[in-house]
Amino acid sequence: PRAMSAEDEARRKLEKPRYDAAAVVAFVNENWTLPGGAIDAGSASELNSYDDRNFYARTEDGTHAYTLKVHNGVESQRPGLLSAQTAMMRHLQAHDVPAPVPMRTNASFDFIGSINEKNKRPVHDDVAYIRLKTAAGIARMHAVRVLTWLPGEIAERSARVKHTPEFLRDVGAFLGKMASALASFSHPGAERDHLWDLKNVAKTRPFAEAIGDEENKTIARDVLDAFETIVKPHANALRAGVAHGDANDQNVLVRVLHPSVADDFFAPGRKPVAPRATPCGVLDFGDIVATWRVNEIAVAAAYFSLGAPDPVGNVAELVTGFERTFPLTQTERRVLPTLVAARLVCSCALGAYSAASDPENEAYLLLTQKPGWEALRAMRECGDERFRERLEASRAADARGEPIGGTVAWIETR
């Protein structure tokens, strides 16, 4: 596996591609023949991204929509990783877990075998390369992909997407289904040392030391110390496999279902049923990695705890849903609270660094900062033992078939 370093994180920001949208659309139209025809440059609109550039765009006839993705300079130089991402997206789609599907390039239809005789280099069936300048002003070859567009809304908390206990369990069950599907997936390109892999969270200590607030810095140090004493001794007992690695509320898609007027008509006196969001897809495969299987739910739980009145309660609901479709071992349950906190420390520390490196995208990159520290304080105040007790109580109640949120809450809502 390629060696990992903190310098890679710096390069991911410095080598974030900068380009004119019209030029990329022209490049795509030259290198892809897509269902629906050519991409309409006027329809292209940029999407938030950590270190790539992504566009939503429609075809000129308005019948198809795609995501145009220009990878950062670091990923673009790692064909094995790009190949692993393609393989995982296709694997999940084949196992009834909706994911974007990469479209094949024109070049992939014009050669036989795995080597292009013209330049003696492998041809990847879904990637073409464009020369662009990075944020540092250096010309780089950047990998470009065209992905099918998945309809839906991101799972971020909003007026339409309520993070109710029912919703969190549904998301957890969806992620458990994804984890189960990935149990039969492997790819050498996912076997890498990656700074965002929770196994490597100790490598973020230099970033944590740069945190300005002393109280926050102390919390970060304590969590990283707990990782060394609680998680590391059990490392060999944790199941391994390839994970998506970043199933946060920006990367899970949901479909919002609105109640029918008839629902209220046939139940006079009852409050109208709120819109219900149901998970319907997963996005962004930039962090796929061979790691501990429990890290999949630890990462998701960290992000879904943000901004919640009871962060530990949110984690408990999400994990309970996850265990419906992907049961954890006792060892995985023991280390889970520490892993969730460790991901929050990683996100806060690296997020602050990334924001300083990319002022244009600062609002998006600092998304987890303040809520992240608040969630960390709540988890540290709860303590690992109480945290584990709440996880176990929620799981046991679900196994007994008790109503979500407890019997008293169930009665009060009715």
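A crossing of two helices is right-handed if the near helix is turned clockwise from the far one by less than a right angle, and left-handed if anticlockwise. Keep that in mind for the first stop in this predicted model.

**Stop 1: two helices**

Select α5, residues 165–182, and then α9, residues 295–304. The crossing of α5 and α9 is right-handed. Their axes come within 10 Å and cross at roughly 155 degrees. Angles over 145 degrees count as roughly antiparallel, so α5 is described as roughly antiparallel to α9.

Now show the side chains where the two helices meet. From α5, pick F167, L168, V171, L175, M178 and L182. From α9, pick E296, A300 and F304. Colour this contact by residue class: eight residues are nonpolar, none is polar and one is charged.

**Stop 2: a cavity**

How many cavities of 30 Å³ or more does a search of the whole structure find? There are three. Go to the second largest cavity, which holds about 60 Å³ of space.

To display its lining, select W196, D197, L198, A243, G245, D287, V289, T291, N295, E296, V299 and R343. Which element gives the most to this lining? The answer is α9, with three residues. Strand β13, residues 289–292, is also among the elements that give two or more.

Colour the lining by class as well: five residues are nonpolar, three polar and four charged.

**Last selection**

Finish on E296, which belongs to the contact of α9 with α5 and also lines the second largest cavity.

Technical notes: Residues numbered from 1 in each chain as written. Predicted model: local features only at pLDDT ≥ 70, side-chain atom pairs only at ≥ 80, totals over all residues. Heavy atoms only, no water. 1 Å grid on protein atoms, 1.4 Å probe; cavity = no way out; pocket = protein on both sides within 12 Å on 5 of 7 lines; lining within 4 Å. Points joined across faces, edges and corners; volume = space filled by probe spheres on them. Helix = DSSP H or I, 4+ residues; strand = E, 2+ residues; numbered from the N terminus. Nonpolar A, V, L, I, M, F, W, Y, C, P; charged D, E, K, R; others polar. Axes fitted to C-alpha atoms, helices over the stretch in contact; angles between N-to-C directions. Parallel < 35°, antiparallel > 145°, perpendicular 65-115°, else oblique. Contact = heavy atoms within 4.5 Å.
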